[in-house]
Structures are given as structure tokens and as C-alpha cells.
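Visitor: Hi, I'm new to this one. Could you put it up and walk me through it?

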Amino acid sequence: MKTIFVNTILVVIYLGQVSGLSFDDPNCMKYLNKFGTVSNAERTATSKLAFTGYVSFVQGNTIAQVNLRYNDDDLFTDVTYFGLVKEDGKSADEVCLDLKLWQYTSNKYSDPVQVTDLTITSSTNFSKFWRYYVFTIPRTELKTRLVETSNTEQFIYTGYFALAYYATGTDSLQYTFFFEFSIIINKATDPLYDPFFKPLSQRSTFNCTITSACNAIYDTKVNWCTDLKCSTFAIPDLHLNDEFVLQQFVTTAGMEGFYLTETEVWYTGNGLLKKASPISINNTILGQVIIQLKAEIAWTEVTIKVTSTLSAFQTGRRRILFQTQFDPVFGETQQIQCIKAEGSDSCPTCIQEWEANGFAHDGCPSCCFSHKIAFVFFAILLLIFTI
């Protein structure tokens with residue numbers, strides 16, 4: 001009787017493993033074909049799924065919500081073969097893929113740990129044929145789940161993740177989306193919004209695997225220009241409020257025939273993350289965008305990062321029932337020694353950083369904080385006497 005009982009258990013387990021749509025089933029190809037490239041022969045380097053995302057705070061700023069988005073034009077409205085995995089709202093017998101979330105400690109993506117204690121939920125945007133995967137991180141867990149850096153006024157938490165699809169019940173990897181995001185938390189007040197999200201395209205991570213280091217090859221390059229036409233290039237000697245020009249242009253073959261839209265620019269560095277406010281953005285030429293900016297920070301060791309989205313249209317608009325937006329692309333400038341304070345010939349001091357930014361780099365002496373208190377005090381006095 002005992003032997004019969006054990007055999008029965010084994011049979012149940014085996015049946016549970018093989019349930020669902022077989023990976024060899026012809027209908028499984030309806031899902032796998034979604035991982036292909038766009039059908040236009042001149043645009044064969046862009047993936048149809050075109051993953052990207054963003055981060056927001058919810059429930060009174062107590063939870064960070066990570067939203068991952070992909071295009072799902074193929075079979076979007078099909079009652080059986082919509083989506084890809086169970087997390088898309090499908091039943092187990094309809095899918096041949098499993099979804100896993102991996103986490104890393106740096107942008108080398110070399111030390112994977114599978115995340116199993118964060119629930120992935122889904123949602124859809126029916127007007128744009130987008131599907132979302134969502135997972136949340138309580139604000140109290142940011143320090144333990146993400147990598148922390150800081151300046152005098154802010155904590156910056158950065159996460160390095162990969163979303164991976166496998167043949168059901170196996171370790172056979174079919175598709176991976178690597179991404180990075182950063183969240184700014186004011187030490188004394190609420191989180192800052194517009195968190196940084198860096199997606200890596202399928203093309204840029206083509207040779208990457210989950211378990212080995214991933215040295216992504218960027219799809220674009222970012223140049224320092226000397227004029228608004230980007231006729232020549234040179235790294236400028238920047239001071240606070242100086243105007244300057246950047247050019248992001250595609251370097252991956254097959255992507256040149258798209259416009260760069262939805263461009264975002266970020267100042268980054270040691271304990272620095274600030275979204276730039278461009279003066280103008282010119283994307284009239286296929287495969288490039290020219291961005292006019294004003295230096296909004298004073299900081300040492302600055303790298304400027306640029307993200308854009310490939311689009312069949314200059315405005316990024318969408319035609320009904322026709323996909324027009326594809327892979328997000330990323331690039332960054334060479335690191336510059338610093339952006340100086342106005343009128344200064346050297347990199348900014350702690351006080352100059354605080355006056356320009358409202359914060360200074362981590363490790364600044366206490367003089368900066370007394371200076372800040374005095375600055376606020378005199379500002380209040382000025383306001384009182386002005387009134």
C-alpha cells in the first residue's frame with residue numbers, strides 16, 4: 001500500500017509538469033513570433049515587443065511601483081493567443097512560456113538572483129495595444145533591495161533587473177529584457193518624481209545571458225556639439241547656466257531609418273541624478289536628435305545620459321491598429337571633470353554645489369549645512385522686509 005501511494009504522487013507530479021501548451025506545439029509559434037523584428041525589410045534591427053517602462057510612487061508615496069511595458073500588436077484581441085504568459089491573465093494550458101524576474105547588484109549584470117517574493121501583476125492599454133507587468137517595492141525595503149548612493153540631501157536607489165521568458169518548465173531561455181531604474185528620496189521630505197528608467201534593447205544585449213556578465217553595446221552615441229547644427233564636436237568647459245548642445249545618433253545598423261522621439265536627458269554622477277529641462281529638441285533628421293540645454297547643476301564628475309524611442313513618425317504619433325514606436329535606445333556622454341560655478345575657474349566647492357543645486361556631494365563638511373541655514377534665514381528676512 002505504501003508503494004502504491006508513492007507511485008500515485010509521482011504520477012500527479014509528472015502530470016503537473018507536462019500540463020499546458022507544449023513548446024513543440026505549432027500554436028506555441030504564435031507566441032514566439034511576437035519576439036521577432038518589424039516586417040519592413042528596411043527596418044530589421046528593431047524588436048516588435050519593444051520593452052520599456054517607468055517607476056512611480058503609489059499609496060501615499062509608501063510604495064515604489066515598477067511598470068514594464070511591451071507592444072503586443074500581434075493577436076492583441078485574440079481570445080486565446082493574446083499576451084505571452086500566465087501573468088498576462090492567461091490560463092496555464094494556453095501558454096508555453098514561463099516568466100522570471102532576476103535582480104543584480106550592478107550594471108554588469110553578473111550576479112543574478114531570481115526574485116520570487118515580488119508578485120508580478122498585469123494590465124493593458126487597449127487604445128495603444130500595450131501590455132504592462134507591474135511589481136512593487138515598499139519604501140521601507142528600498143535600502144535592502146536596491147543599491148544606495150547619496151548626497152547631502154538625497155538618497156538615490158538604483159535597481160538592476162532582467163525580465164526573462166523560458167520554455168515552460170525548463171531553463172531554455174527565449175528572450176530577456178535588461179533594465180535599470182533609479183529613485184530619488186529626499187532625506188527630509190517625500191520622494192522626487194520623474195525617476196530615471198534605462199531600458200536596454202534586445203539588439204544591445206544580443207550576446208548577454210542571465211548568468212554571465214552583460215556588457216551592453218549601446219545603440220546610440222552622444223556627442224558634445226559646438227553649434228546647433230552639430231557641424232563640429234568638442235567637449236565644452238561648462239559653467240552653471242552655460243548653454244550647450246548634445247547630439248544623440250544611432251550607431252546600430254538597421255535603426256537609422258527611424259526618428260528619435262520622447263527624448264529624456266539626465267545629469268548623473270557620484271551621488272547625482274537630475275532630469276534636465278532641454279531648451280529645444282530637433283529630431284527632423286532620421287536616426288538622430290539634437291538637444292539644446294542649459295547647465296542646471298554644478299558638480300564634479302558628470303556624465304549626461306540620453307534615452308529616446310525609435311518611431312516611424314517624427315512626432316511619435318500612433319496610427320490606429322498600426323505599430324509606430326519600437327525599441328527605446330540609450331547613450332551617454334564622456335564623463336567631464338565638472339560643471340563649474342558661474343565665474344569660477346575650478347570645480348565647485350561644497351558651498352557652490354549647495355547654492356546651485358540645493359544639495360552637495362556626500363562627505364561635504366558641516367560648514368555647508370550652517371551655510372544653508374544662514375541662507376534660508378536671510379531669505380526669510382528678505383521676504384519679510386519686502387512685504
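Guide: Buried means under 20% relative accessible area, exposed is over 50%, and partly exposed lies in between (1.4 Å probe, protein chains only). Keep in mind that this is a predicted model, where local features need pLDDT of at least 70, side-chain atom pairs count only at pLDDT 80 or more, and totals for chains, interfaces and linings use all residues. Residues are numbered from 1 along each chain as its sequence is written, and side-chain values use heavy atoms, with hydrogens and water left out.

Visitor: OK, and what does C225 form with C230?

Guide: A disulfide, with the two sulfur atoms 2.0 Å apart. The term stands for a pair of cysteine sulfur atoms within 2.5 Å. C230 is buried too, at a relative accessible area of 8%.

Visitor: Is that disulfide right-handed or left-handed?

Guide: Right-handed, because the torsion about the S-S bond of C225 and C230 is about 90°.

Visitor: How many disulfides are there by this rule?

Guide: The count comes to 5. If you number the bonded cysteines of the protein chain in sequence order, they pair as 1-2, 3-4, 5-6, 7-8, 9-10.

Visitor: Show me another. What about C208 and C214?

Guide: Those two form a disulfide with their sulfur atoms 2.0 Å apart. The link is right-handed, with 70° about the S-S bond, and both C208 and C214 are buried.

Visitor: Switching topic: how many helices and strands are in the protein chain?

Guide: It has 5 helices and 19 strands. Of its 387 residues, 48% count as buried.

Visitor: Which residues touch the most other members of the largest nonpolar core?

Guide: L84, Y133, F135, L163, Y165, F179 and F181, out of 39 residues in that core. β9 gives the largest share, 6 residues. A nonpolar core here is a set of buried Ala, Val, Leu, Ile, Met, Phe, Trp, Tyr and Cys residues joined through side-chain atoms within 4.5 Å. There's also a second, separate core of 30 residues, with V38, L238, V265 and A276 among them.

Visitor: One last spot. Where is T263?

Guide: It's in strand β13 (residues 259-269). T263 is buried, as its relative accessible area is 14%.

Visitor: What does its side chain join up with in a polar contact?

Guide: The side chain of S308, at 2.9 Å. A polar contact is a pair of N or O atoms within 3.5 Å; within protein, one must be able to donate a hydrogen and the other to accept it, and residues adjacent in sequence count only if both atoms are side-chain atoms. Leaving out residues up to four places away in sequence, T263 touches I281, V289, I291, V306, T307 and S308, where contact means heavy atoms within 4.5 Å.

Conventions. Helices (H or I, at least four residues) and strands (E, at least two) are DSSP runs, numbered from the N terminus.
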